[in-house]
Amino acid sequence: MTEDSIKQITLKVQRYNPEQDSTPHFQEFLVPVSRGTTVLEGLLYIKENLDSTLTFRTSCRMAICGSCGMLINNYPHLACHTQIEEFHSDTLTIKPLPNLPILKDLVTDLIPFFNTHKSIKPYTIRHETEEMENPTAEFTQTPQELETFLQFTYCVKCGICISACPTSASDKLFLGPQALAQCYRYCADNRDEGWQERFLLVDTDHGVWHCHLAGACSEACPKGLDPALAIQLLKRRLTSQAIGLRKKQQSSPVASPITETKAKVPFPEFTAKES
Ligand code: SF4
Ligand code: FES
């Protein structure tokens with residue numbers, strides 16, 4: 001058999017339709033797999049050729065939209081970013097992400113997750129609102145200042161860190177690694193002045209202090225973020241503020257308006273000649 005030849009793999013998929021089933025059950029499908037076939041492609045094969053009722057969420061197919069998080073052989077992955085051959089197994093077990101309510105088959109309800117994300121005010125807050133509402137120039141920020149939070153801007157809101165987190169599994173009110181990491185992302189951004197408001201939201205029993213630093217979120221994040229680090233940095237900020245060691249954060253100024261007008265670049269002349 002050549003490297004690119006097709007072999008048959010069993011996908012054992014958890015099925016659950018709350019309108020018909022009292023409990024979830026598994027269904028097995030034989031799918032053709034060649035080099036590079038992703039788990040998502042295997043599921044699409046089932047949907048298109050074997051059972052059109054199989055339900056899962058997908059959109060970008062390139063690890064950007066965060067839609068296709070699922071448990072593959074008991075570990076959370078993005079299905080579009082995971083090749084079947086990585087598992088070196090003739091059978092893969094596929095289940096919906098844990099710690100989230102199941103809507104149908106592999107689709108979980110992400111609304112509570114997004115509501116928690118929204119609750120930590122994931123946007124730039126300035127005390128002086130005029131510049132936000134009628135901007136005249138951008139807020140200045142050096143590459144070093146950007147570096148303090150840049151990795152956390154890459155979150156695709158897939159929910160995988162929540163599904164890997166043992167605290168999220170035991171405490172339904174826990175804000176969770178995604179929201180806490182986004183809280184740090186905005187607090188560390190020197191264009192933002194909303195950290196006092198956000199600190200009140202996360203300085204709670206179900207906020208940063210309930211993180212036991214298992215590190216499972218950072219281990220599982222498919223985008224390489226380190227939410228566990230963000231939570232520890234939030235704890236450090238809260239502690240240094242509580243004992244009076246925290247320096248006042250300097251928020252970034254507005255850049256000077258650009259006054260000189262750019263010289264117009266002449267439209268290039270056509271060089272192709274009609275024959
Ligand atoms: S931190 Fe990582 S795992 Fe968590 S939602 Fe964002 S991208 Fe997904
Ligand atoms: S389909 Fe968008 S992340 Fe997988």
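Reader: Why does Lys121 count as partly exposed?

Author: Lys121 has 25% relative accessibility. Buried means under 20% relative accessible area, exposed over 50%, and partly exposed in between (1.4 Å probe, protein chains only). So Lys121 counts as partly exposed. This is a predicted model: local features need pLDDT of at least 70, side-chain atom pairs count only at pLDDT 80 or more, and totals for chains, interfaces and linings use all residues. Residues are numbered from 1 along each chain as its sequence is written, and side-chain values use heavy atoms, with hydrogens and water left out.

Reader: What makes Glu197 and Lys121 a salt bridge?

Author: Their side chains meet at 3.1 Å, N to O. A salt bridge is a side-chain nitrogen of Lys or Arg within 4 Å of a carboxyl oxygen of Asp or Glu. Glu197 lies in helix α8 (residues 195-202) and Lys121 in the loop between α2 (111-119) and α3 (130-133), so the pair ties together parts 76 residues apart in sequence. Helices (H or I, at least four residues) and strands (E, at least two) are DSSP runs, numbered from the N terminus.

Reader: Is Thr82 buried or exposed, and how do you know?

Author: Buried: its relative accessible area is 3%.

Reader: Which backbone oxygen does the side chain of Thr82 reach?

Author: That of Leu78, at 2.7 Å.

Reader: Which residues are linked in a network of salt bridges?

Author: Arg15, Asp51 and Asp105. The side chains of Arg15 and Asp51 meet at 3.0 Å, N to O.

Definitions and conventions: Chains are lettered from A and ligands numbered from 1 in the order in which they are written. A polar contact is a pair of N or O atoms within 3.5 Å; within protein, one must be able to donate a hydrogen and the other to accept it, and residues adjacent in sequence count only if both atoms are side-chain atoms.
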